[in-house]
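Welcome! Have a look at the structure, then try each task before reading on.

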Amino acid sequence: MFTETEIGKRNRWSENGMKIFFLVMTILMIVPLLLIIGYLFYRALPVLSFEFLFTNPKDNMRSGGLWAPFLGTIYLVVVSLLVSAPIGVFAAVYLNEYARENWFTRIVNLAVVNLAGVPSIVHALFGVGAFVLFAGLGESVLAASLTLAIMTLPVIIASTKEALNAVPMSFREACWNLGATRWQTIRRIVLPNSISGILTGVILQVSRAAGETAPIMFTGAVFYKAIAEGDVFAYNVLDQCMALSLHLFTISTQVPDVAEGIPYGTAIVLVGTVLLVNAAAIVLRVYLRTRKRW
Amino acid sequence: MKQNVKTKIEISDLKVHYGNKPALNGISFDVYENEILGIIGPAQSGKTTLLKVINRTLEFTADATVEGSVKLDGVDVSTIGDVYGLRRKIGMVLPLPVGLPLSIYDNVAFAPRTAGLRNKAELDEIVERCLQQAALWDEVKDRLNALGTKLSGGQQQRLTIARALSHQPEILCLDEFSIAVDPITTMRIEEVLKMLSTEAKMTIMLVTNLVQQAKRLANRTAFFLNGNLIEIDTTDVIFSENPANQITYDYVNGNFG
Ligand SMILES: Nc1ncnc2c1ncn2[C@@H]1O[C@H](COP(=O)(O)OP(=O)(O)OP(=O)(O)O)[C@@H](O)[C@H]1O
Ligand SMILES: [Mg+2]
């Protein structure tokens with residue numbers, strides 16, 4: 001017969017205890033998150049409607065909807081990613097697949113890691129200096145988007161490098177032994193098998209770019225600007241725009257007597273957009289993982 | 001040993017360092033055309049390094065430096081401009097089986113395609129011939145579109161060999177190919193190698209940790225130790241009671257150390 005020893009018993013108890021401890025911590029983390037979203041939703045309920053999304057703010061933002069800031073955020077995010085995604089991915093391919101280990105690549109890699117941790121207000125100041133003033137773009141969608149691009153670039157480089165690194169070295173060696181060039185190896189083996197990780201990394205930066213206020217408030221986002229409702233081409237990239245994050249800030253702190261539900265509604269649209277994009281990233285990841293090839 | 005042999009690869013005073021750490025200390029020998037050359041020696045003796053110098057994949061190791069020369073058909077490989085063409089002259093099989101994450105068909109068609117071949121009929125012919133030669137055709141002919149990575153280890157190693165044959169190499173280098181392969185598959189691959197040597201007239205360099213494998217297959221055998229070529233001679237001599245060096249005798253008879 002098998003009798004449990006003292007040590008065995010202790011191990012079993014500590015094993016169960018630790019499991020419960022980690023579970024409790026997980027719940028502690030998830031509860032505030034659900035409370036916040038639930039509360040926002042509850043308070044926003046009176047204003048949430050289709051119309052809320054597709055009409056401009058009215059009466060000095062005391063009524064109306066979110067059309068101008070909503071479209072502005074989309075412009076900012078799309079333009080910034082059009083810049084940062086290709087540059088970031090190509091830079092990561094260079095750093096991971098071509099660059100040899102030397103002082104130059106070490107400095108670049110160090111810079112990437114550290115730039116990813118720079119506070120967004122610093123990017124904002126850089127954006128004002130580089131794009132608004134020096135490049136002469138003025139306060140515009142373009143200047144703000146470029147500032148967001150600078151902010152997201154290092155993270156895209158880091159996440160892309162990680163995705164490329166996940167492709168085993170032995171695949172590359174096998175290709176080189178077959179007389180394939182580095183580029184043929186990258187195009188036929190490395191990129192097709194890292195694309196899901198690369199895209200996920202890029203998509204997660206959408207939510208970051210959409211949520212930031214500091215980098216855009218001095219570089220192109222304005223307090224108020226009415227645009228044609230329902231026209232997705234209503235903004236000019238060389239002109240200023242509104243943005244959800246800044247809009248939320250102004251109506252909650254700068255404008256007195258705003259109707260109760262509007263700030264909550266704005267917050268829900270902002271959070272909802274971000275969550276939607278993140279969900280898309282997760283779905284993409286799950287889909288591509290089902291076709292994982294090794 | 002046959003008289004009147006032609007030299008396929010001529011290695012003279014080859015030295016390789018990784019950083020300042022020596023891996024090969026000035027070795028010289030010839031590989032003859034259409035022979036099976038066994039290369040034996042304990043870990044760290046520089047066998048893999050030697051193969052990487054020959055097909056110039058050592059260039060992917062940033063801190064490796066090479067002195068001396070390796071001549072293929074009389075041409076110093078380090079002076080060859082088309083390094084990709086050089087690599088396709090040499091089939092390379094690494095210790096661990098690697099199925100590329102492509103279909104079985106695309107695995108074998110990879111090298112011909114990178115070399116520019118697009119003709120479907122020619123590719124079909126190459127895929128079938130190489131899988132036949134690697135003794136894998138019968139097992140996979142009905143599922144050429146299945147992933148190469150999902151084959152068993154032994155099948156993947158034969159796929160690797162089929163791939164190494166796909167660019168019609170003149171030399172086949174195998175680096176401890178049986179390390180992750182069961183004995184039966186090993187025997188099948190050994191038959192394949194004999195056939196490639198006798199029928200396809202290929203020059204084969206067989207690096208192996210199994211000294212008996214060298215004894216079974218090789219015409220000549222080279223014994224490496226710590227970056228030095230201790231001796232190279234006909235397999236009969238190396239495995240006889242009196243090779244030139246006592247240490248060779250000790251190694252092949254397993255009382256080494
Ligand atoms: N990429 C590398 N960087 C630094 N040193 C290396 C590298 N590859 C090999 N070496 C060193 O070079 C020497 C020879 O290694 P090599 O791999 O050629 O030996 P081997 O005979 O193939 O050994 P094994 O039988 O274990 O495969 C060893 O001392 C090894 O540590
Ligand atoms: Mg080795």
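**Exercise 1.** Find the handedness of the crossing of helix 8 of chain A and helix 3 of chain B, then list the residues in contact and sort them by class.

*Solution.* Step 1: in this predicted model, helix 8 of chain A and helix 3 of chain B cross in a right-handed way. Step 2: helix 8 of chain A brings A:Gln184, A:Arg188 and A:Ile189 to the contact, while helix 3 of chain B brings B:Phe110, B:Arg113 and B:Thr114. Step 3: sorted by class, this contact holds 2 nonpolar, 2 polar and 2 charged residues. Step 4: for the geometry, residues 182-190 of chain A pack against residues 104-114 of chain B at about 150 degrees, and the axes are 12 Å apart.

**Exercise 2.** Work out how helix 11 of chain A is oriented against helix 12 of chain A, and describe their contact.

*Solution.* Step 1: the axes of helix 11 (residues 244-253) and helix 12 (residues 261-290) of chain A lie 10 Å apart, at an angle of about 160 degrees. Step 2: angles over 145 degrees count as roughly antiparallel, so helix 11 of chain A is roughly antiparallel to helix 12 of chain A. Step 3: the contact includes A:Leu248 and A:Ile251 from helix 11 and A:Val269 and A:Leu270 from helix 12. Step 4: its residues divide into 8 nonpolar, 3 polar and no charged. Step 5: this crossing is left-handed.

**Exercise 3.** Which confidence scores does the model have?

*Solution.* The ipTM is 0.93 and the pTM is 0.88. For chain B, the average pLDDT is 94, with 98% of the residues scoring at least 70.

Note on methods
Residues are numbered from 1 along each chain as its sequence is written. Chains are lettered from A and ligands numbered from 1 in the order in which they are written. This is a predicted model: local features need pLDDT of at least 70, side-chain atom pairs count only at pLDDT 80 or more; totals for chains, interfaces and linings use all residues. Side-chain values use heavy atoms; hydrogens and water are left out. Axes are lines fitted to C-alpha atoms, for helices over the stretch in contact, and angles run from 0 to 180 degrees between N-to-C directions. Helices (H or I, at least four residues) and strands (E, at least two) are DSSP runs, numbered from the N terminus. Angles under 35 degrees count as roughly parallel, over 145 as roughly antiparallel, 65 to 115 as roughly perpendicular and the rest as oblique. A crossing is left-handed if the near helix is turned anticlockwise from the far one by less than a right angle, and right-handed if clockwise. Contact means heavy atoms within 4.5 Å. Ala, Val, Leu, Ile, Met, Phe, Trp, Tyr, Cys and Pro count as nonpolar, Asp, Glu, Lys and Arg as charged, and the others, Gly among them, as polar. pLDDT is the predictor's confidence in each residue, from 0 to 100.
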